[in-house]
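Let's take a friendly walk through this protein model, one region at a time. Keep the structure open beside you as you read.

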Amino acid sequence: MKMRLLILPPPFEEESLGGYNLRLITLNRYPSSGYIYEFFTKQRLANNPYKADITKIDLEQLSLLLELQQESILSMLSPYKAPPSLNLIFDNHYQTYTNSKYFSINNRICPHCLKEFRYIKKYWDIFFVTTCLEHNCLLVEECPGCGKKIKYNRPCIFTCKCGFDYRDIKMSELDISSHMVTELVLSKCGYKNVETSSVLTKITYEELVETFLLIIRQIYKQRYITSPILELKLLHEYLIKTYNFFEKWPSNFYKILDEYENYSGSIFGIRSFGELYQISFGKRTSHLKIELFREAFKNYIETKWSNGFASLLNNVNIKGKDHVFVNLSRTANILNKSEESIKELLKNGKLEGRVKKKGKTNYYLINVESINEFKIKNTKLYKSTFFQSEVQKMLNVNHTVIKKLREEGMLSIANSPKFGSNEGYRYYFQEVRYIFDLLEKNLVEYQIDYNEWISFGKAREELNCSFTNFIKYLEKQTLLVYKIKGSNFLNTNDYLFNRKEINNEARIGINGYTREELGKMFDVSREVVKDWLECGLLNFDLNKSKKIVRKHHVDEFRKKYIPVKSIDLNNIKSVKGKIKYFESKGIYPVESKTGQLFRISELNINI
């Protein structure tokens, strides 16, 4: 039976598809928000229409049902007011079954607009749009009545399932500078015509999204910025911070890189300064089209980097009198080897080069001719590859882990399988060997007590971490490893780890300190530690929804704050007495609940 809507008003110009669907089911008195979707697709879109797979939608039937052109319907599923082309919608994958970088998984609203215009605007759902320009307020994505995220799966436009009317939400005004990112995004997507002198006006909307995510994840450590449980306020803060990153370009960028250098990389939590370079220029982000960021970064490394690690720059060629030399990183890339193995080849005379000293740092320069000769002599090894099934067997992992290793840049595909099956992929021997080289960095030769050592798989199980996270940890740290005698094949089952080391150093390095450990460290309860985390006083890395506190977070915290129990006052022993004493001096605690944490910078008084 053909479906027909008895009441069918046209959509508003800037109305979202989910909002239009809510208006229609309310006017036609349909039982649920998923009722209309069922007639043109089997997908469950009631919560979030942006999860739609366009190729599985019967656009012709939907077009007849809504009496709209197919182009108009597709436009409602893109961030643009009027998409430049239909191909753009399909090519950029705005719709996704995971957390989208273009659309919020929740339905954001402005209560004032909802009351005034009585429809849901599409651009509220754009991931980087966090404020309402008309009413100078932060958008809302959580119901005050039940505390749940606002979804499109609700009785009508205005009310939550719990019965709360969103139009009753009281909003507080923002500082006018809070709208910078929203204005920029709406300008790029065709909703507003905004004049700005920002260097970001030179790039496309897609490039803007990729660049902001790169900076937020790699420099500001918010790896899971697109998580659906992330608070809108926190996203808003990081977007503004990233926008300011591009003000006075590139001086603000260089200032941040200078801070990174001065603090030995601890404040940003990435594996090395070189990793940020590799992420910006390597194959892993070949989709990143923006040259603005790359050119400034390249210029900084070549001209301003005072500690001399410019050898990380892959394309640096240093001309000698008679020969051309390349640096250690470039040589390792050419030969698909680790930098340590390149040093060994130099030491053994298999490669020609020289070492330049600058202070305490060694710079390795390798002759290009010797690199080419080495490649020719080792062609068999250089071209040697393994089938994916062989790699899975060696590492004792499934195909999803191999896919993750590819995404992380740890394995490169050596061929192009005709049918794209897992079995069709081949991987370079040297890259697989690199993983085992990491395991063998600190092999023990002495006789061991097998009761104190555990297998690779058991170590991962006790650490409760992924294979890739374990390998990343081994890239930064060294663990004691025992290789079972007589095992000549590459297989992770042949390696044993010291149980104590896994349960202590490795556990803390990968998973961070437990709340109990932090409590003992500062002589406070677990609840107090939780409060510090919620208040943003104690920093952390976010792994999915888990807050991981590492050693550098604790070190930063110690430099800024001190619990009152740790403060030594001559004749005052009780906590209450110490707090009362400080209050008499006009010094108050910064902690929101227990009130027992003080800023060290404020304790510059004569006791």
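This is a predicted model: local features need pLDDT of at least 70, side-chain atom pairs count only at pLDDT 80 or more; totals for chains, interfaces and linings use all residues.

Residues are numbered from 1 along each chain as its sequence is written, and side-chain values use heavy atoms, with hydrogens and water left out.

How many disulfides does the structure hold? The count is zero, where a disulfide is a pair of cysteine sulfur atoms within 2.5 Å. C110 is in no disulfide, and its nearest cysteine sulfur, that of C132, is 3.6 Å away. C143 is in no disulfide either: the nearest cysteine sulfur belongs to C162, 3.7 Å away.

You can find C143 in the loop between β2 (137–138) and α6 (180–188). These labels count DSSP runs from the N terminus: helices are H or I runs of at least four residues, and strands are E runs of at least two. Is C143 buried or exposed? It counts as buried, because its relative accessibility is 2%.

Leaving aside neighbours within four places in sequence, C143 is in contact with K148, I150, C160, C162, F164 and Y166; contact means heavy atoms within 4.5 Å. Y166 is 23 residues away from C143 along the chain, yet their C-alpha atoms are separated by 7.4 Å.

## Helix α16 and its two partners

Two packed helices are described by the angle between their axes and the distance between the axes. Axes here are lines fitted to C-alpha atoms, for helices over the stretch in contact, and angles run from 0 to 180 degrees between N-to-C directions. Angles under 35 degrees count as roughly parallel, over 145 as roughly antiparallel, 65 to 115 as roughly perpendicular and the rest as oblique.

The axes of α16 (residues 388–395) and α18 (residues 429–439) come within 12 Å and cross at roughly 5°. That makes α16 roughly parallel to α18. Here V391, M394 and L395 of α16 meet V432, I435 and F436 of α18. With α17 (residues 399–407), the axis of α16 comes within 10 Å and crosses at roughly 100°, so these two helices are roughly perpendicular to each other. Q388, V391, Q392 and L395 of α16 make this contact with H399, I402, L405 and R406 of α17.

## A three-stranded sheet

Which order do the strands of the open sheet follow? It is β9-β11-β10, with antiparallel pairing; two strands pair if DSSP finds at least two bridges between them. β9 (453–455) and β10 (481–483) stand at the edges with a single partner strand each, so one side of each is left without a neighbour in the sheet. From one strand to the next, the twist averages 35°.

β10 and β11 (residues 495–498) pair over three bridges. Look for K483, which stands opposite Y495 in β11.

Technical notes:
Buried means under 20% relative accessible area, exposed over 50%, partly exposed in between (1.4 Å probe, protein chains only).
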